[in-house]
Amino acid sequence: MTVSEALQQAAKRLSSNSSSPRLDAEVLLAHLLGTPRASLLANSQQVLTAKQSTTMKGLIERRTHGEPVAYLTGHKEFYGFDLFITPDVLVPRPETESVVDACLEVLVDLDNSQLADIGTGSGAIAIAVTKHNSRVRASATDIFLPAIEVARRNCERHGVADRVTLYTGHLLQPLKGKFPNKFNVVAANLPYVPPGEASPDVATWEPNVAVFGGGDDGTALIREFLREAPAYLLPGGTVVMETAHSQGALVARLAKRAFPGAEVEVRKDLAGYDRIVVIKTA
């Protein structure tokens, strides 16, 4: 079987199980062959070994059951960086890159600035911000120790382990009594999915602790975070949050109560949904 034939068969097999069957097939085959995806076209007539063909069929079969491509390959690109990914962390989404943009926008003119990344997961936000701004130091928390270990590996891989301090614990609580414990920017991509509203693939494969936000509407953790966050901001500090596509207006109202007098803005993500909430204090 050639590369071209393997891709055709895989895409056909995935056509009823994936919204991007050809892309999934290319990513999986490129991973299997240890080659850039772009090179598959140039080597379309390369013949796969029997072992490669069998392995590819196994990967495709697992994908038909909804297992995320990032878990199959152990990698996911985020903000131009290749992150190590395991089933212990949520797969980083392109929408979260809008959180990074908002953080960098605030931190661009600040020297020796401090970022807190709450619910860091794979470390995606903290790593992207510190890689793009060498003056930033970050403190990142996650309640799930295996996720912290994934974040640690990614920080080491991208050379920011000396500027990102990782803590295990609930929301902002691990930062209490630490130095620093006040920040120019506090970023939070917390679980926000209401009960029963995750897609079957997400509910089955991704860690529930990183998906479901609690409460009837999925905002229990967001509400708790907003109650805690003011105590951890430096004067003039900013909070940047990602919410569900239907929660932007609600979270903005909650933010105005938690931060009286602050400027609260709801921004659109890359897909055009109102879900990035930016809270700028005086």
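Here, a residue is buried if its relative accessible area is under 20%, exposed if over 50%, and partly exposed in between, using a 1.4 Å probe and protein chains only. Keep that in mind for strand 9: five of its seven residues are buried, so this strand is largely enclosed by the rest of the structure. Helices (H or I, at least four residues) and strands (E, at least two) are DSSP runs, numbered from the N terminus.

This is a predicted model, so local features need pLDDT of at least 70 and side-chain atom pairs count only at pLDDT 80 or more, while totals for chains, interfaces and linings use all residues. Residues are numbered from 1 along each chain as its sequence is written, and side-chain values use heavy atoms, with hydrogens and water left out.

**View 1**
Two strands count as a pair if DSSP finds at least two bridges between them. Touching, or contact, means heavy atoms within 4.5 Å.

**View 1. Strand 9 and its two partners.**
On one pairing, strand 7 (residues 233–242) and strand 9 (residues 274–280) run antiparallel over five bridges. Look for T238 opposite K280, and for V239, whose bridge partner in strand 9 is I279. Strand 8 also pairs with strand 9 in the antiparallel sense, over six bridges. There, V266 has V277 as its bridge partner. Strand 8 and strand 9 make a hairpin with five residues between them, and G272 in the turn has a positive phi of about 90°.

**View 2. Helix 8 and its buried face.**
Helix 8 (residues 145–157) has 13 residues and reaches 18 Å from first C-alpha to last, close to the 18 Å expected at 1.5 Å a residue. That expected span is 1.5 Å times one less than the number of residues. Which residues of helix 8 are buried? They are A147, I148, V150, A151, N154 and C155. Seen down the helix axis, these buried residues fall within an arc of 160°, so they line one face of helix 8. The arc is that of the directions from the helix axis to the C-beta atoms. The buried residues pack against strand 2 (81–84), helix 7 (124–132), strand 4 (136–142) and strand 5 (164–168). Just after helix 8, G159 takes a positive phi of about 70°.

**View 3. Two cysteines, C103 and C155.**

**View 4. The loop between strand 5 and strand 6.**
P180 sits in this loop, and the peptide bond from F179 to P180 is cis, with omega near 0°. L171 is in this loop too; its phi is near 50°, a positive value in a residue other than glycine. Most residues other than glycine have a negative phi, and most peptide bonds are trans. L171 is buried, at 7% relative accessible area. K182 is another residue of the loop, and at 37% relative accessibility it counts as partly exposed. K182 touches Q114, A231, Y232, L233 and L234, not counting residues up to four places away in sequence. K182 and G237 are 55 residues apart in sequence, and their C-alpha atoms are 9.0 Å apart in space.

**View 5. S98 in helix 6.**
Find S98 in helix 6 (residues 97–107). S98 is buried, with a relative accessible area of 10%. Leaving aside neighbours within four places in sequence, S98 is in contact with K268, D269, L270 and I276.

Notes
Disulfide = S-S within 2.5 Å.
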